[in-house]
Amino acid sequence: MTINLSPSLKKLLEDRERMLSALMSNLNGMVYCCLIDAYWTMVFVSDGCYGLTGYTPDELLFNQSVNYEDLTYDDDRVWVREGIDKAIVANQHFELEYRIVHADGSIRWVHESGCPIYNEHGELEALEGFIHDVTARKQSEQLAREAEERYRSIFENAIEGIYQTSPSGQYLNFNPALAKIYGYDSPQDLVNGIHDIQRQLYVDPHKRVEFIALMTAYGRVQNFEAQVFRKDGSIIWISENAHEIRNADGHLMFYEGTVEDISERKNYESQIAYQATHDSLTGLPNRTMLSDRLQQCMGFADRDGNKMAVAFVDLDQFKLINDSMGHHIGDELLVTMATRLTSCVRDSDSVVRLGGDEFVLLLTSLKKVEDIAQSMQRILSAVAEPCVIEGRDFVVSCSIGISIYPDDGIDPNTLLKHADSAMYKAKQSGRNNFQFYTRELNKILIKRMELEYRLRRALEQDEFLLYYQPKVVCSTGKICGAEALIRWQPQNSAMILPNSFIGIAEETGLIEEIGHWVLETACRKAGELQTLLGKPLPIAVNVSTRQFRHRNFVNTVQSVLNETGLDPQCLELEITESTLVQDTRSFIKTLHDLKALGIKLAMDDFGTGYSSMAYLKDFPIDRLKIDKVFVGNLENEATNIAILKAIVALGHSLDLKVIAEGVETAYQQAFLHGIGCDELQGYYFSKPLPELDFMRWLS
């Protein structure tokens, strides 16, 4: 076959052959130049041709024995030509990997890179490039793919959850079993559902911190147990085994591990532990658990600087009923009493059944003896209620002995012994009562009972007074309102301040009647002041938690406004943050109902209670009242400066007025004015004043 080459192509070939012949003879592959025809006719091939194809250059040149088109594997010919044609049209370099048939009949993978070449007139003349054997690499890749497919099969079908996570807590890869363990319909469902393992998966977020700490220390975790949330919110136990994966430079890339659902085993262990530490009849903690609970409560008391009480409870008539009516009646009676005792204490307290008709109560976080007396009175009343069993009424009472930690003992046995002794003292005193181990505490109790008795008569005998403390505008110093503060002036006795009797009034329910008197008296005075001054002067009234939560509170406020004829704008109710602790929705609804009356609302003691920033934006309040604890020692407490600035900024961002109470010095006044506080209240301006003194102060 005769091929006619143009002079320019001949010259090009000669020049390139001279320059590259030495280099090309050492290349592991074939350098070529070919025509763009049906056979890829080779017009130049390097010596590497034989090693690549099994044919000598003479056999391949000008298609003397074989053409390159025939060497190209049948299944690859079309797409190889299309790929090269596309590069030619775009005048681009091309790279392809495809198969050829070697002279020995074997199939070889080759990598070809090349480009079109043009003459001096810009006319396309040929292709030139380099082809080398990549069969070994292709075989390695194939083996890797097969291995990956085998691993993927194991990964996809494993019963255990398998995962890879980033150190920051995101899933990078995991199998369907993990999604199933966590209650998700598919891996994609899990990807969409969990973005932060620490906060969204672990019930206790600190478990992730512990996981990371173990990884950092040892590079792996083994049998790491934790509780996690499933998609539906249910909780399961899992066990994890995992290790670090680092790159060649030692940099941590991710964690890799397995997850097993161990809920069934943990539930069984929990059941066994529960049976060992709880009474089978009542479900209460038993004697085995008492010592541990008591030791724990003592530790909490030491940590928080509080007291705790051990109350030994013995049912007075139980033995008679149990012996005469049968054990099944006695058992039902014990179950009922266990329920009643539990209902009389807080969640932080404990009720333990020692055995028979004996119970022990552990009362924690006590700051004063009155707390104990109120709890004991509730228990006496609850136990004495008739108990209906099989259609018959059974009435029992109880005798209670109380010891206090650390006053009456510093170890569990001593506290229990002293409480038991006090219980026998209660039985000797006629049963159906409680006795403290120490005589001093009994004296305190008697004093408290006397105060309660006098408090009940105080309203009847018109012994309450209202004092008024002015509030001033920070920027001008002008009066803008006053707070009404209750005082108790018993006949022929010293005045009693609110902190001595408000707590008792709350506990006994008297606060509702007292609160109504305060509200009505303050509203009448506000009306008088408006008439006297010729302009409104708002009066603020504190509302107790119990008073606020009364279902008729809003109607009560409306009724007082109607009776006194006071403009609602002249009444401001101050509600403490602690009112929010329970039933937030009801709290917010009551605020809105009050606001609908047209009155002003203030959040009192702000910064010391429990209100959530998430809810604060929903409160229809007009003022934030900064507690005096942040103001009173401002000169010496640098941390209070940041707190005050934050509260003022928060209030203004919510379009609220901010008032600070407890202002006693010029420095405090100047500082609060400097940070933008709106109103001030405190001894620096005036202490709370009796009505006549307040009127003189106004004038």
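Three helices, α20 (545–549), α21 (553–564) and α22 (584–596), each supply at least two residues to the lining of the second largest pocket, where helices (H or I, at least four residues) and strands (E, at least two) are DSSP runs numbered from the N terminus. The largest share of that lining, 5 residues, comes from α22. On a 1 Å grid over the protein atoms alone, a pocket is an open set of points with protein on both sides within 12 Å along at least five of seven lines, a cavity is a set of points where a 1.4 Å probe fits but cannot get out, and lining residues have an atom within 4 Å of a point. The second largest pocket holds about 150 Å³ of space, a volume being the space filled by probe spheres set on grid points that are joined across faces, edges and corners. Among the residues lining this pocket are Phe-548, Arg-549, His-550, Phe-587, Lys-589 and Asp-593. Its lining divides into 4 nonpolar, 3 polar and 4 charged residues, with Ala, Val, Leu, Ile, Met, Phe, Trp, Tyr, Cys and Pro counted as nonpolar, Asp, Glu, Lys and Arg as charged, and the others, Gly among them, as polar.

The model is predicted, with local features requiring pLDDT of at least 70 and side-chain atom pairs counting only at pLDDT 80 or more, whereas totals for chains, interfaces and linings use all residues. Residues are numbered from 1 along each chain as its sequence is written, and side-chain values use heavy atoms, with hydrogens and water left out.

Taken as a whole, the protein comprises 26 helices and 25 strands. Its radius of gyration is 44 Å, while a compact globule of 699 residues would have one near 27 Å; the radius is taken over C-alpha atoms, and the globule rule is 2.2 Å times the number of residues to the power 0.38. The C-alpha trace spans about 140 × 80 × 50 Å along the principal axes.

Strands of a sheet pair through backbone hydrogen bonds, either parallel or antiparallel. Here, 8 strands close into a barrel in the order β18-β19-β20-β21-β22-β23-β24-β25, with mixed pairing, and two strands are taken to pair if DSSP finds at least two bridges between them. Strand β18 (residues 464–473) and strand β25 (residues 679–681) run antiparallel and are joined by 2 bridges, with Glu-679 in β25 as the bridge partner of Val-473. Helix α26 (residues 691–698) packs on the sheet, touching β18 and β19 (479–488), and its direction makes about 20 degrees with that of β18; contact means heavy atoms within 4.5 Å. Helix α24 (residues 638–653) lies across β22 (600–606), β23 (623–626) and β24 (657–661), running at about 170 degrees to β23.

Helices α13 (residues 318–325) and α14 (residues 327–343) pack at an angle of about 145 degrees with their axes 6 Å apart, and the residues of their contact divide into 6 nonpolar, 4 polar and no charged. For α18 (residues 498–508) and α19 (residues 510–533), the axes come within 5 Å and cross at roughly 115 degrees.

The structure also holds 4 cavities of 30 Å³ or more. The largest cavity has a volume of about 60 Å³, and its lining divides into 9 nonpolar residues, 1 polar and 1 charged.

Key: Axes are lines fitted to C-alpha atoms, for helices over the stretch in contact, and angles run from 0 to 180 degrees between N-to-C directions.
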